[in-house]
Every structure is written in C-alpha cells, then in structure tokens.
Amino acid sequence: MDSKIVAALDRIGDALHVVARRAAEANDLSSTQLRVLSWLHVGSPPAARSTALARELNVSDPTVSDAIGALTRKGLVERRRDPRDGRSHQLVLTAAGKHTAAAIHRWTAPAEIATSKLDRVEAERLLDSLIAVMGQLHLAGLMPVSRACSTCVQLGVGPGSPRGYHCLFYDTPMTVADLRVDCVDHVSSGWSARAR
C-alpha cells in the first residue's frame, strides 16, 4: 500500500511538473524561475533573500542563484538593500516582474480542474491526508520548510471528532476544509502528532 501511495504521488508530481513547465515555457521561463516569481508574487513569510528562497523551494543555492540571475537579466527581479539591514539585499519584483508573476500566478489551474471533480467528502479526506503526509515528510527532513497545519503547534484536535480541528492562534474551530498548506501564522512544532 505504501509503495502504491508514493507511486501515485510521484505520478501526480510528474503531472504538476508538466503543468509548471508549460506555464514557464509560455512565458520564456524555466520551472525554477516560475517558482521564484510565484514565491515573490505571493509574498514570503521569511525575508526575500536567495538563501531563504533556496530553502523554501528545496533546491540548492546555485540553482536559485542562477534563476535569480536570469530573472534579473530579463528585468523581472531586482535586488534592493534591506532598509532594516544595509548589509543585506532583498529580492523585489520589478513592474515587468509583477505583470509576469500575475500572469503565471494561477499556473496550477489545470490541476485544480482535475481535483474539482472529487466530491466534497473525497476532497476533504484527500486534503487531510496530504497535509498529514507533508508533516511526516517534514519530520523526515525531506521537506525542509513546512507551514502546514500538521506541523504547527497551534493546531488542536476538536473534542469528539478526529476530523474536527481548532486553531489555537485564532481560537477558532476549523473544519478539514479550513486546514492550511501554507500559513503565515505558523509556529513550528517539529511535528505534532494528530489524532486521526
């Protein structure tokens, strides 16, 4: 069963890579450049620096440096001095970069159409399971950055329901549909085992 689940995730990853590559090529970008632009467009919780970006995207420093260099030459990204630390530079989208990033921001739409075919119960089960898998991958060191609910100390399990949650940060009950894959208010727990 485990090998079948991983094989399925691998095939899904391949499909997402194809979608990303098509969106990137349509905008004269590499897949890594697309991910950098998307990351800068959404706004990053950590400082927008190349080392933080390499960690976020789970790629090497040289890979992200090459992507940033290419985006800089294309006039899509520039380095600006950090106003809080004059020794550091932050990555900032130029006007052209903002335009391109807005155009590619929804590159996942073709895959979202496929997941929209699931009924609500199936979709909630899948989301709940995938967020739990993300937590396990983070714990194993295979996903260096995780701001998913499954790795947050602020996620509580609701009374009487293994699928009912509570956000301790906002003091709010949560359904499975409320679980986040990337939360700006995330506080890492290392891994918080959840009742399932």
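**A cysteine and its surroundings**

A: Cys167 is buried, with a relative accessible area of 13%; buried means under 20% relative accessible area, computed with a 1.4 Å probe on protein chains only. The model is a predicted one, in which local features need pLDDT of at least 70 and side-chain atom pairs count only at pLDDT 80 or more, while totals for chains, interfaces and linings use all residues. Residues are numbered from 1 along each chain as its sequence is written, and side-chain values use heavy atoms, with hydrogens and water left out.

Cys167 also belongs to the lining of the second largest pocket, where Cys167, Tyr170, Met174, Arg180 and Cys183 lie nearest the centre among 14 lining residues. A pocket is an open set of points on a 1 Å grid over the protein atoms alone where a 1.4 Å probe fits, with protein on both sides within 12 Å along at least five of seven lines; lining residues have an atom within 4 Å of a point. This pocket holds about 190 Å³ of space. Its lining comprises 8 nonpolar, 3 polar and 3 charged residues, with Cys and Tyr counted as nonpolar and Arg as charged.

Cys152 is accordingly in no disulfide, the nearest cysteine sulfur being that of Cys183, 6.5 Å away. Cys152 is buried at 8% relative accessibility. For Cys167, the closest cysteine sulfur is likewise in Cys183, and because the distance is 6.6 Å, it is too far for a bond.

Methods:
Grid points are joined across faces, edges and corners, and a volume is the space filled by probe spheres set on the points. A disulfide is a pair of cysteine sulfur atoms within 2.5 Å. Buried means under 20% relative accessible area, exposed over 50%, partly exposed in between (1.4 Å probe, protein chains only).
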